[in-house]
Amino acid sequence: MGSHDVEDCPKKQHQNQHNPTHYKLKLVLLVLLTNLLTILFFTSPNLSSYTRHLPFPLLNDSSASTFPVLDELNATRYRLAASEYQVKKLHEKLSTTNVLVESLLVALTRLNESSNFNQIPDLDKVITNAELKLAVGPHKLPLGYTPRTGSDEIYPAFGAGCLKYKDELMQYMSYNVGGECPVDDVFAQRLMLKGCAPLPRRRCHPKSPVGYVEPTPFPRSLWSTPPDASIIWDPYTCKSYKCLVARDKAPGYYDCKDCFNLQGREKTRWLFDNGGLDYGIDQVLAMKPKGTIRIGLDIGGGTGSFAARMSERNVTIVTSTVNLDGPFNSFIASRGLIPLHLSVSQRLPFFENTLDIVHSMHVLSNWIPDAMLEFTLYDIYRVLRPGGLFWMDHFFCRGAQLNETYIPMIDRVGFKKLRWNIGMKVDRVNMKEWHATKELCTESDEMLFRKAENGNMQGTIIYSTSRIKDRQLS
């Protein structure tokens, strides 16, 4: 340690010898710098604009001559204060500019979105599959321009959502032209349910059942299970109607679980009116003059039993349905009824003011987004003739939703209420479940509406019970 102390001592002495010199140089530089700042400051034409905002007064000439160093320091302070004020004003201007730029960016974004929405995509760039490109057009009209369409070309219809699923769409359109179509019913329907509806047409033949058997003669076909050889079973889990009928008692969930069992609950549906949630067809038809309910639509009609009951009363009903792991469309056709492979997101393929009745059981409920449901209700109103009936059969929703969402929505559409019954949904009567979740009670509604004959959106309201208020279980 001693040797280190001896070695460090000369260094420290040498440093101390240079300290006074460094101090004098710094002092000279400070004086020169303050003098320069003073000259710049007092020769500036904008001096008054800065100094009038300063929080302290200028020194007089006598004090400045007496204390030259203080004068220089004061000048520096004034200059710094003026600079700070200028920076503050600049910051305020920048803040205002930022707000304006943000507003401009928002406006430009909206304008760009609007431009993209209105712009028709170039199908040549979007679609590379030759068969798909041919299917979706456009095609030149052989006779040229026609005033009926106001154009000389035509685009085959296909859903706007198809362009969001280009890979799946190209897969769907990959097949041998003139040959047998792929058995891709499940894939095609999934694409349809995602919004690609209608699907483009294809130039191929559907696979035919082996050993096809002629259907059962009408009207016996209405309540007869068709032969297994009438359809292609490849897309479905069950490979026979016996398997589908047995689902009625099988564990687990299936769409329209007991619909294929025509000798079970389907056999008695809509035959009796219990004064509550279950309406009878005869009681509903009696609300209109005899014979004036002739044609209609059943939305999501399962296997077509509602249409079968109506057919027995000389009323023709078209049944829309999808094949959710079961041949619903084929089954309806085998009964001698008219199926329509259509999802709830599609526009109803009927002209305005044409149908006498529209019925829907279970399908139009709170699983559908509110905006889509409102469009659907307006579409139903569109196709019903003046005075036509809309039968919303067992509509499910939470208690709070009924008053907050669905009653105002139905009122906006403009239906007149003829009958309205409300009760608890059978599979939610477990009080332990209610208490555990603290949910609002679940409601199941049976609603019968009439379209206003004069088209007036205001109308009288007739229902069997008063509107319920929100009931919360404690």
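User: How many residues of the second largest pocket's lining are nonpolar, polar and charged?

Analyst: First, the terms. On a 1 Å grid over the protein atoms alone, a pocket is an open set of points with protein on both sides within 12 Å along at least five of seven lines, and a cavity is a set where a 1.4 Å probe fits but cannot get out; lining residues have an atom within 4 Å of a point. Ala, Val, Leu, Ile, Met, Phe, Trp, Tyr, Cys and Pro count as nonpolar, Asp, Glu, Lys and Arg as charged, and the others, Gly among them, as polar. Here the lining divides into 20 nonpolar, seven polar and six charged residues. The model is predicted: local features need pLDDT of at least 70, side-chain atom pairs count only at pLDDT 80 or more, and totals for chains, interfaces and linings use all residues. Residues are numbered from 1 along each chain as its sequence is written, and side-chain values use heavy atoms, with hydrogens and water left out.

User: What is the volume of that pocket, and which residues are closest to its centre?

Analyst: A volume is the space filled by probe spheres set on the grid points, which are joined across faces, edges and corners. The second largest pocket holds about 870 Å³. Its lining has 33 residues, and D185, R202, P206, N323 and H341 are the closest to the centre.

User: Which helix supplies the largest share of the lining?

Analyst: Helices (H or I, at least four residues) and strands (E, at least two) are DSSP runs, numbered from the N terminus. Helix 8 gives the largest share, five residues. At least two residues each come from helix 8, helix 12 and strand 5. The whole protein has 15 helices and nine strands.

User: Which residues of helix 8 are buried, and what covers them?

Analyst: Buried means under 20% relative accessible area, exposed over 50%, and partly exposed in between (1.4 Å probe, protein chains only). In helix 8 the buried residues are F187, A188, Q189, L191 and M192. Their cover includes helix 7 (166–172) and strand 5 (338–341). After helix 8 comes G195, with a positive phi near 115°. Across the protein, 38% of the 474 residues are buried.

User: Where is D184, and what is in contact with it?

Analyst: Contact means heavy atoms within 4.5 Å. D184 is in the loop between helix 7 and helix 8. Its relative accessible area is 13%, so D184 is buried. Beyond neighbours within four places in sequence, D184 is in contact with Y172 and R202. The C-alpha atoms of D184 and P235 are 7.3 Å apart, though 51 residues separate them along the chain.

User: Where does S240 sit?

Analyst: S240 is in the loop between helix 8 (185–193) and helix 9 (241–246). At 19% relative accessible area, S240 is buried. Leaving aside neighbours within four places in sequence, its contacts are D228 and W233.

User: How many aromatic pairs are there?

Analyst: Rings of Phe, Tyr and Trp (its six-membered ring) pair if their centres lie within 6.5 Å; planes under 30 degrees apart count as stacked, over 60 as edge-to-face and the rest as tilted. The count is twelve. Y241 and F331 form a tilted pair, 5.4 Å centre to centre with 55° between the planes. Y241 lies in helix 9 and F331 in helix 12 (residues 328–334), so the pair ties together parts 90 residues apart in sequence. Y241 is buried at 2% relative accessibility, and F331 is buried at 0%. Ring pairs also link W233, Y236, Y241, F260, F328 and F331 into a cluster.

User: Which charged end sits over the ring of Y279?

Analyst: A charge sits over a ring if NZ of Lys or CZ of Arg is within 6 Å of the ring centre and within 35 degrees of the ring normal. The charged end of R419 does so, 3.7 Å from the centre of the Y279 ring. K194 lies over the face of Y165, 4.3 Å from the ring centre.

User: How many cavities does a search of the whole structure find?

Analyst: Rolling a probe the size of a water molecule over the atoms shows where empty space is left. The search finds two cavities of 30 Å³ or more. The second largest cavity has a volume of about 30 Å³. P215, T216, S221, S224, T225, P226 and S334 line that cavity. By class, its lining has two nonpolar, five polar and no charged residues.
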